[in-house]
Amino acid sequence: MYGLKQESREIILFGFGKLGHRIYEMLTSNFSKITVADNREDIINDAKEYGIDSAFYIDLVDDSKLEELGLDNKILFCAMDEMSLNIFLVLSLKTISSNSTIISVSTSSESTRKLKFIGADKVIDLYESSANRIVDIITRPAVTKVLDEIIYIDNEIRIEEIEIPPKSFLEDKYVSDIDFREFGLILIGITDKELGDDFTFVSRGINHKFDEGDILVLLGESQALEDFYTLLMGQIDE
């Protein structure tokens, strides 16, 4: 998964909260050597109750404690629920490990930018992965399994259809003109009334022009979707 082939290389998974637990369950199908580390004792107790013997409470801001885990030549997977901790971890691990692959989850475009800038080898953007998965569900259902649990369980992410009203700020603009990530959303596709309700996936590269009556299929957190709907209806300032 995530570009990693099945191998005997060991993984150290930082985090066993909502995200980390789901990631652990998925990693076990391909990797047999997984160590779990977290900075909360209750989380580590949960991991041990789950049956993970190699689960350790650790002070994540203490580099010497991190080094005791044996970081070199391993896959270091940062999956803390707090994005600030993942960013801090990537920065530390990049400095104190060698020949390791550092992976981190991200829940925003800004976090993704920071993680890539400080040297994460791979960043799993949960929003972007969600949108791509939805396209796969409809067009290639046989190959879609990987991100189900991580993305949708307990993360308040949903899909919403929103019709473009008259005289909205989107009118006569094209897909390439609007950065939906600024609103905390991903535009998955558009249903164009003028084309007989045909659905167009944005990922297919078509630079569609927005018109009144078009239906946007958007993915994001509930609050971001509500805020965008209010903005589109002109009830708050742009």
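A: In this predicted model, helix H8 covers residues 222–232, and its buried residues are Ala224, Leu225, Phe228, Leu231 and Leu232. Around the helix axis these residues span an arc of only 125 degrees, so they sit on the same side of H8. The spacing of the numbers can be read with a simple rule. An α-helix has 3.6 residues a turn, so residues three or four places apart point the same way. Just after H8 comes Gly234, which has a positive phi of about 80 degrees.

Helix H2, residues 41–49, gives another case, with Ile43, Ile44 and Ala47 buried. Here the arc around the axis is only 100 degrees, so these three residues too share one side of H2. The other side of H2 holds Glu41 and Glu49, and both are exposed.

Arg40 and Asp42 join their side chains in a salt bridge, with 2.5 Å from N to O. Arg40 has 44% relative accessibility and therefore counts as partly exposed. Asp42 is partly exposed as well, because its relative accessible area is 37%. Both values fall in the range between buried, under 20%, and exposed, over 50%.

In the loop between H2 and strand S3 (55–57) lies Ile52. Its relative accessible area is 4%, so Ile52 is buried. Ile52 and Val36 are 16 residues apart along the chain, and their C-alpha atoms are separated by 7.9 Å. Val36 belongs to strand S2, residues 34–38. With a relative accessible area of 0%, Val36 is buried.

Next come the salt bridges, of which the structure holds six. Asp125 and Arg181 form one of them, and their closest N and O atoms are 2.9 Å apart. This pair links distant parts of the chain, 56 residues apart: Asp125 is in strand S6 (residues 122–125), and Arg181 is in the loop between S7 and S8. How covered are the two partners? Asp125 is buried, since its relative accessible area is 9%, whereas Arg181 is partly exposed at 22%.

Another salt bridge joins Asp172 to Lys209, with the closest N and O atoms 3.6 Å apart. Asp172 is in the loop between S7 and S8, while Lys209 is in the loop between strand S9 (198–201) and strand S10 (215–221), so this bridge ties together parts that are 37 residues apart in sequence. Lys209 counts as partly exposed because its relative accessibility is 28%. Salt bridges with shared partners connect Asp172, Lys209 and Asp211 into one network.

Asp172 has a further feature, in its backbone. Its phi is positive, about 70 degrees, although Asp172 is not a glycine. The loop that holds Asp172 runs between strand S7 (157–163) and strand S8 (185–192). Asn99 is also not a glycine, yet has a positive phi of about 55 degrees. Asn99 is in the loop between helix H4 (83–96) and strand S5 (101–106). With 61% relative accessibility, Asn99 counts as exposed, because exposed means over 50%.

Asp63, Glu67, Glu68 and Asp72 form a negative surface patch. One of them, Asp72, lies in the loop between helix H3 (63–67) and strand S4 (75–78). Asp72 has a relative accessible area of 38%, so this residue is partly exposed.

Technical notes:
Residues are numbered from 1 along each chain as its sequence is written. Side-chain values use heavy atoms; hydrogens and water are left out. Patches are made of residues with over 30% relative accessible area and no salt bridge: like charges are joined within 9 Å, nonpolar side chains (Val, Leu, Ile, Met, Phe, Trp, Tyr) within 5 Å. Accessible areas come from the Shrake-Rupley method with a 1.4 Å probe; for residues, only the protein chains shown count as cover. A salt bridge is a side-chain nitrogen of Lys or Arg within 4 Å of a carboxyl oxygen of Asp or Glu. Lys and Arg count as positive and Asp and Glu as negative; His and the chain ends are not counted. The place of a charge is taken as NZ of Lys, CZ of Arg, CG of Asp or CD of Glu. Helices (H or I, at least four residues) and strands (E, at least two) are DSSP runs, numbered from the N terminus. Buried means under 20% relative accessible area, exposed over 50%, partly exposed in between (1.4 Å probe, protein chains only). The arc is that of the directions from the helix axis to the C-beta atoms.
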